[in-house]
Amino acid sequence: MPIYEFYCTACDTIFSFFSRSVNTTAAPPCPRCSAQLERRMSLFACIGKAGESDEAADMPFDEVRLTAAMDKLAAEAEGMNEEDPRQAANLMRKFTEMTGVKLGDGMQEALRRMETGEDPDSIEADLGDVLEQEDPFAPGSSRAQQRRTKPRRDETLYEL
């Protein structure tokens, strides 16, 4: 069951929404201010309007290519065994191949370990700090190197 991320330009906040099925078209209103939210890129989600915010404009990939890849992988993701880290890693590898997105060193290491069947919680315990400091789509980049302030992240998981 996928979790999608959405960005509110009015609140400058990223919200996470749980969906009981793959849903690539829904765009809920902001839980705080009711403004329309924009779909954002997360490790296993996609953005919907890349050109409408500065952060999305800096993304190093083509929105059309990204959307096509997500549509193609949606059926595979729905049939995936959520308990098998190998399947999740395989899906992420396919995603990066289809979109041309280059992952950072920390995320590459996490995927290598998932491909061996290692428990994702163990990987996160070992690499959590590295992954948190790394922009997963810009190798060598860290949050400390970025000039603009990141949006807030609402930790609540809302229902889509």
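Here is a short chat about the aromatic rings in this predicted model.

User: How many aromatic pairs does the structure hold?
Analyst: Ring pairs link up F6, F15, F17 and Y158 as a cluster. As for the count of aromatic pairs in the structure, that comes to three.

User: What kind of pair do F6 and F17 form?
Analyst: Their ring centres sit 5.4 Å apart, with 85 degrees between the planes. Planes over 60 degrees apart go in the edge-to-face class, so this pair is edge-to-face.

User: How many residues apart in sequence are the parts that the F6 and F17 pair ties together?
Analyst: F6 belongs to strand β1, residues 3–8. F17 belongs to strand β2, residues 13–18. The pair therefore ties together parts whose separation in sequence is 11 residues.

User: Is F17 buried or exposed?
Analyst: The relative accessible area of F17 is 3%. The cut-off for buried is under 20%, so F17 counts as buried.

User: Which strand does F17 reach through its pair with Y158?
Analyst: F17 and Y158 make a tilted pair, 5.5 Å centre to centre and 35 degrees between the planes. F17 is in strand β2, so the pair ties together parts 141 residues apart in sequence. Y158 lies in residues 152–159, which is strand β4.

User: What is the accessibility class of Y158?
Analyst: Y158 has 22% relative accessibility. Buried needs under 20% and exposed needs over 50%, so Y158 is partly exposed.

User: Which residue lies over the face of Y4?
Analyst: Look 4.6 Å from the ring centre of Y4. The residue lying over that face is R39.

Methods: Residues numbered from 1 in each chain as written. Predicted model: local features only at pLDDT ≥ 70, side-chain atom pairs only at ≥ 80, totals over all residues. Heavy atoms only, no water. Phe/Tyr/Trp six-rings, centres within 6.5 Å; stacked < 30°, edge-to-face > 60°. Helix = DSSP H or I, 4+ residues; strand = E, 2+ residues; numbered from the N terminus. Buried < 20%, exposed > 50% of the residue type's maximum accessible area, 1.4 Å probe, protein only. Lys NZ or Arg CZ within 6 Å of the ring centre and 35° of its normal.
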